Amino acid sequence: MDRLMTLLLDPQFLIAALTALAVTATIITLALPVLEGDTLKKRMKSVAIERDELRARERSRLAAAEKAKVSLRHEPKQNLRNFVDRLNLKNALMDEKTIAKLRIAGLRGQQAIYTFLFARVVVPIILFVLALLYLFVILKTSHPAGIKISISLVVALLGFYAPNIYVSNLTKKRQQSIRLAWPDALDLMLICVEAGMSIEAAFKKVAEEIGAQSVPLAEELALTNAELSYLQERRKAYENLAARTGLEGVKGVCTSLIQAERYGTPLGTSLRVMADENRAERMQMAEKKAAALPPQLTVPMIVFFLPVLFAVIMGPAVIQAMRL
């Protein structure tokens with residue numbers, strides 16, 4: 001432990017570590033836009049696969065035949081499926097809320113479920129083994145073995161919740177993308193409906209146009225268009241859209257569309273009102289973030305700006321005083 005503290009307090013080691021961290025962050029920042037690529041085609045291809053699944057399922061149901069098992073994504077590998085099924089992880093770690101969370105995060109199909117369950121079991125074991133190797137082999141501290149094992153167990157516990165944290169972050173990112181593009185999608189949908197297009201054609205057209213701004217929203221609208229074409233109850237398609245996004249703005253629009261279809265009110269009127277409300281909500285969110293900036297910048301300014309400012313102002317005076 002003394003050796004570790006000496007190493008951490010060494011100025012040369014700290015400078016080298018910070019330099020390596022800065023270089024790594026710079027390389028990642030420059031390489032991410034190049035490696036990210038265009039995900040629109042991949043996501044739209046996924047929607048096409050999902051649409052084919054809906055078509056096959058509804059045709060088989062109407063024909064009173066056995067439903068074909070066509071997954072929304074690629075089927076999980078057999079080894080992964082066997083591992084999850086043997087340990088009965090679905091009953092132990094999975095429920096309806098977990099499946100709903102995965103859908104909101106854009107992770108649909110059997111492959112996402114099996115991968116999530118596999119990660120919740122394997123990641124803690126891997127982190128536990130790595131922590132043991134680091135504490136007993138690499139670090140070689142003089143602490144008792146019980147403390148080292150306890151630290152490794154804490155690391156394993158963090159690994160158990162790591163998949164949930166990943167899904168939560170993915171959900172926030174996806175919902176943020178949909179929330180920002182939703183008012184524009186409603187404006188486009190309003191134009192399509194007032195031009196005489198049906199709601200199915202409007203959803204299809206908006207899905208094609210909004211993809212440049214928000215790929216997740218384009219995916220959800222294309223899937224809703226497929227459900228409107230093949231589900232017996234159109235209300236179910238709107239409810240599925242609200243459930244998959246998990247946003248109050250989308251839920252309100254879906255409720256308005258259900259009521260407009262039930263009572264025969266014009267769709268254009270409902271869409272115009274909801275578009276104005278969602279646009280105002282987006283503006284309020286932007287104003288809220290702008291109002292929160294001064295308190296958030298206070299600590300960084302005190303920590304980073306004021307010392308530099310004092311050094312610039314007081315530095316020449318200190319130098320002159322030292323020369324006297």
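Is Phe 136 buried, partly exposed or exposed? Phe 136 is partly exposed, with a relative accessible area of 35%; buried means under 20%, exposed over 50% and partly exposed in between, with a 1.4 Å probe and protein chains only.

The model is predicted: local features need pLDDT of at least 70, side-chain atom pairs count only at pLDDT 80 or more, and totals for chains, interfaces and linings use all residues. Residues are numbered from 1 along each chain as its sequence is written, and side-chain values use heavy atoms, without hydrogens and water.

Phe 136 belongs to helix α7 (residues 110–139); helices are DSSP runs of H or I with at least four residues, numbered from the N terminus. Contact denotes heavy atoms within 4.5 Å.

A nonpolar core is a set of buried Ala, Val, Leu, Ile, Met, Phe, Trp, Tyr and Cys residues joined through side-chain atoms within 4.5 Å. The largest has 35 residues, and Trp 182 and Phe 203 are among those that touch the most other members. Elements giving two or more residues to this core include α8 (145–194) and α9 (199–210), and α8 gives the most, with nine.

The buried residues of α9 include Phe 203, Val 206 and Ile 210. They fall within an arc of 130° seen down the helix axis, so they line one face of α9; the arc is that of the directions from the axis to the C-beta atoms. The buried residues of α9 pack against α8, α10, α11, α12 and α13.
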